[in-house]
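This report describes the fold of one protein chain, from its secondary structure to selected residues.

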Amino acid sequence: MISQNWATPDWLFDELDKEFNFDLDVAPRNSKIDFLLYPWSESNFCNPPYKTEIKTAFVKKAIQEQKKGNKTVFILPVHTGSRLWHNLIVPYSKDIRFLKGRIKFEQFDHYGDTVKNGACELGAPFNTMIVIF
């Protein structure tokens, strides 16, 4: 089973935060809060677990929040043949940015601690995109 425990590299979050000035991370690692159940802020960051059902739930919530005037910036794997891509990302996103190369995410355990030597040494096994709703 592929691990869902991967964190956004600081450099990537910082670069996006400079542009979007995030108020809320709606999928923080090891959170006990289910942000899908609560209203989001004006400017949100989201690197959700990449399991299809969870990822789709976060995108659907971002679309609901977009209708309220809120912005959500996602880090997502590139899967342009998926239903998520065709049914939700393409029709509802405001911008899609494909990142060059493979991102080296940090791995963490179920306590939220970074795993020593846990970074993807060769980068993620997929290309990555920034999707803005």
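## Basis and overall composition

Helices (H or I, at least four residues) and strands (E, at least two) are DSSP runs, numbered from the N terminus. By that rule the protein chain has 3 helices and 7 strands, and along the sequence they follow the pattern β-α-β-β-α-β-α-β-β-β. The model is predicted: local features need pLDDT of at least 70, side-chain atom pairs count only at pLDDT 80 or more, and totals for chains, interfaces and linings use all residues. Residues are numbered from 1 along each chain as its sequence is written, and side-chain values use heavy atoms, with hydrogens and water left out.

The protein chain has 133 residues, of which 41% count as buried. Buried means under 20% relative accessible area, exposed over 50%, and partly exposed in between (1.4 Å probe, protein chains only). A contact means heavy atoms within 4.5 Å. Among contacts in the protein chain with a separation of 6 or more, 65% are between residues 24 or more positions apart.

## The sheet

Two strands pair if DSSP finds at least two bridges between them. On this basis 5 strands form an open sheet in the order β2-β3-β4-β7-β5, with mixed pairing. β2 and β5 stand at the edges with a single partner strand each, so one side of each is left without a neighbour in the sheet.

Strand β2 (residues 24-25) pairs with β3 in the parallel sense over 2 bridges, and Asp 25 stands opposite Phe 45 of β3. The pairing of β3 with strand β4 (residues 71-77) is also in the parallel sense, over 4 bridges; Asn 44 has Thr 72 in β4 as its bridge partner. From β3 the chain crosses through helix α2 (residues 52-67) to β4, and this β-α-β crossover is right-handed. Right-handed here means that, with the strands pointing away from the viewer, the path from the first strand over the helix to the second runs clockwise. β5 and β7 run antiparallel and are joined by 4 bridges, with Val 131 in β7 as the bridge partner of Ile 96.

In a regular strand the side chains alternate between the two faces of the sheet. Strand β3 (residues 43-46) is covered on both faces: Ser 43 and Phe 45 are buried on one side, Asn 44 and Cys 46 on the other.

## Helix α2

The 16 residues of α2 should span 22 Å at 1.5 Å a residue, and the end C-alpha atoms are 23 Å apart, which agrees. The expected span is 1.5 Å times one less than the number of residues.

Buried residues in α2 are Lys 55, Thr 56, Phe 58, Val 59, Lys 61, Ala 62, Ile 63, Glu 65 and Gln 66. Their cover includes β3, β4 and α3. Gly 69, which follows α2, has a positive phi near 95°.

## Nonpolar cores

A nonpolar core is a set of buried Ala, Val, Leu, Ile, Met, Phe, Trp, Tyr and Cys residues joined through side-chain atoms within 4.5 Å. The largest has 19 residues, and Val 59, Phe 74, Ile 89 and Phe 133 have the most contacts inside it. At least two residues of this core come from each of α2, β4, α3 and β7 (128-132). Another core, of 12 residues, lies apart from it and has Leu 16, Phe 45, Val 73 and Ile 130 among its members.

Not counting residues up to four places away in sequence, Phe 74 touches Cys 46, Pro 48, Phe 58, Val 59, Ala 62, Met 129, Ile 130, Val 131 and Phe 133.

## Selected residues

Thr 72 is found in strand β4 and is buried, with a relative accessible area of 0%. With residues up to four places away in sequence left out, Thr 72 touches Trp 40, Asn 44, Cys 46, Ala 62, Val 131, Ile 132 and Phe 133.

Ser 93 lies in the loop between α3 (83-92) and β5 (95-98). Ser 93 counts as buried, at 15% relative accessibility. Its side chain reaches the backbone oxygen of Ile 89 at 2.7 Å. That is a polar contact, a pair of N or O atoms within 3.5 Å; within protein, one must be able to donate a hydrogen and the other to accept it, and residues adjacent in sequence count only if both atoms are side-chain atoms. Beyond four places in sequence, Ser 93 touches Leu 88, Val 131, Ile 132 and Phe 133.

Asn 21 lies in the loop between α1 (10-20) and β2 and is exposed, with a relative accessible area of 57%. Most residues other than glycine have a negative phi. The phi of Asn 21 is positive, near 50°.
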